[in-house]
Amino acid sequence: MTARTALVLSGGGSLGAVQVGFIRRAMELGLQFDILVGTSVGAMNASYVAFHAPHDHDCLEQIWHGLAGKRLFSRNPLTIAGSLWRSRLSIYDNRLLRRLLAEHLASDRFEDARAALYITATDICTGSRAIFHEGSISTAVLASTAIPGVFPPVRVGDRLFVDGGVTSGGDIDVAIEAGATSVVYLDLRAPAPTGCPRNLLELVGRSFELLAQDRAACAIEHRTYPAEVVHIQPGLRSARGDFRDAPRLLASSYRVACEVFDRCHVGGVLRAGHYHGPFSEQTP
């Protein structure tokens with residue numbers, strides 16, 4: 001059996017910037033990924049990595065730095081009310097993400113990617129996980145990032161899709177079914193913040209975090225896989241919808257990535273296991 005390495009990127013809102021630091025360090029170490037699996041914001045990062053050679057990944061950092069200067073979520077009640085009236089199913093539109101994908105995807109076809117790319121979403125009508133591997137990448141990413149109630153669900157044929165994080169427990173199994181013999185799973189779960197949510201976005205984000213913690217415990221921590229799994233939890237924390245924090249997360253994640261890869265990548269070989277980032281990095 002041919003050895004194939006997969007990179008699996010979880011969801012996590014603005015914490016997607018953390019994955020960029022780890023991707024950068026992995027490329028510096030010469031790691032090659034034959035399979036990419038992405039969920040929610042991880043789908044956006046995976047779709048970029050799937051098309052670019054290792055020396056091109058500085059551009060991904062620039063994209064995230066650019067997000068820090070954009071207002072992704074309006075707090076104007078009239079704007080929110082107008083969006084809800086128009087769509088009936090969400091309080092925001094997905095125009096910014098559509099524009100980012102149009103500007104930065106080298107191709108919109110899965111078949112053109114340098115590595116095998118899989119994007120997960122949730123079929124909201126059946127409650128089942130959906131795996132996109134062919135057709136339009138931008139459609140798949142928009143579906144995978146469609147936080148229920150926040151961004152509009154994506155219709156494909158007679159099916160309606162929302163955020164992959166609703167049904168994802170890690171998606172390591174997707175990589176293994178695709179032929180991976182070793183998996184690097186970047187898990188953005190962090191210790192849940194304390195205190196009460198202050199607004200709707202924080203309420204939705206906190207709910208997703210609690211659901212993700214429970215699912216991951218069942219899907220990852222209490223399960224064995226027929227592949228070598230390097231499970232990395234950077235442990236960095238940020239408000240899920242606050243993309244202004246991207247520069248700090250990019251810098252912090254690279255420092256944590258260097259420390260973690262010193263432990264899991266020894267002598268040019270990935271060592272299976274569960275790796276945490278330094279606890280001192282868990283607070284902003």
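Me: What do β3 and β4 form, and how many residues lie between them?

Reply: This is a predicted model. In it, β3 and β4 form a hairpin, with four residues between the strands. Gly127 sits in the turn and has a positive phi of about 80°.

Me: What makes β3 and β4 count as paired strands?

Reply: Pairing needs at least two bridges. β3 and β4 (residues 128-132) are joined by five, in the antiparallel sense. Therefore the two strands pair. Asp123 stands opposite Ser128 in β4.

Me: How do you know that β3 and β6 pair?

Reply: The cut-off is at least two bridges. β3 and β6 (residues 159-162) have two, so they pair. The sense is antiparallel. Thr122 has Val162 in β6 as its bridge partner.

Me: Which sense does the pairing of β2 and β3 take?

Reply: Parallel, over five bridges. Val37 stands opposite Tyr118 in β3.

Me: Why is β3 called mostly covered?

Reply: Count its buried residues. β3 spans residues 116-123, and seven of its eight residues are buried.

Me: What about β1, which way do its residues point?

Reply: Thr5, Leu7 and Leu9 point one way, while Ala6 and Val8 point the other way. Both groups are buried. That gives five of five residues buried in β1 (residues 5-9).

Me: Which strands are joined to β1 by bridges?

Reply: β7 (residues 182-186) is joined to β1 by five bridges, and the two run parallel. Leu9 stands opposite Leu186 in β7. β2 (residues 35-39) is joined to β1 by four bridges, also parallel. There, Gly38 is the bridge partner of Leu9.

Me: How does the chain get from β1 to β2, and what is the hand of the crossover?

Reply: The chain goes through helix α1 (residues 16-28). This β-α-β crossover is right-handed.

Me: Which angle do the axes of α1 and α3 make?

Reply: They cross at roughly 160° and come within 10 Å. Angles over 145 degrees count as roughly antiparallel, so α1 is roughly antiparallel to α3. The crossing is left-handed.

Me: Which residues meet where α1 packs against α3?

Reply: From α1 come Gly16, Ala17, Val20, Ile23 and Arg24. From α3 (residues 58-67) come Leu60, Glu61 and Trp64.

Me: Why is Ser40 called buried?

Reply: Its relative accessible area is 9%. Buried means under 20%, so Ser40 is buried. Ser40 is found in the loop between β2 and α2.

Me: What is the phi of Ser40?

Reply: Near 55°. That is a positive value in a residue other than glycine.

Me: How do you know that Ser144 is buried?

Reply: Set its value against the cut-off. Ser144 has a relative accessible area of 0%, and buried means under 20%, so Ser144 is buried. Ser144 is found in helix α6 (residues 137-144).

Me: Which residues does Ser144 touch?

Reply: Leave out residues up to four places away in sequence. Then Ser144 touches Gly38, Thr39, Ser40 and Ala43, as well as Ile119, Thr120 and Ala121. Val162, Asp163 and Gly164 complete its list of contacts.

Me: And the whole protein: how many helices and strands are there?

Reply: Nine helices and 11 strands. Buried residues make up 55% of the 284 residues. Take contacts between residues at least 6 apart in sequence: 75% of them join residues at least 24 apart.

Conventions
Residues are numbered from 1 along each chain as its sequence is written. This is a predicted model: local features need pLDDT of at least 70, side-chain atom pairs count only at pLDDT 80 or more; totals for chains, interfaces and linings use all residues. Side-chain values use heavy atoms; hydrogens and water are left out. Buried means under 20% relative accessible area, exposed over 50%, partly exposed in between (1.4 Å probe, protein chains only). A crossover is right-handed if, with the strands pointing away from the viewer, the path from the first strand over the helix to the second runs clockwise. Contact means heavy atoms within 4.5 Å. Axes are lines fitted to C-alpha atoms, for helices over the stretch in contact, and angles run from 0 to 180 degrees between N-to-C directions. Angles under 35 degrees count as roughly parallel, over 145 as roughly antiparallel, 65 to 115 as roughly perpendicular and the rest as oblique. A crossing is left-handed if the near helix is turned anticlockwise from the far one by less than a right angle, and right-handed if clockwise.
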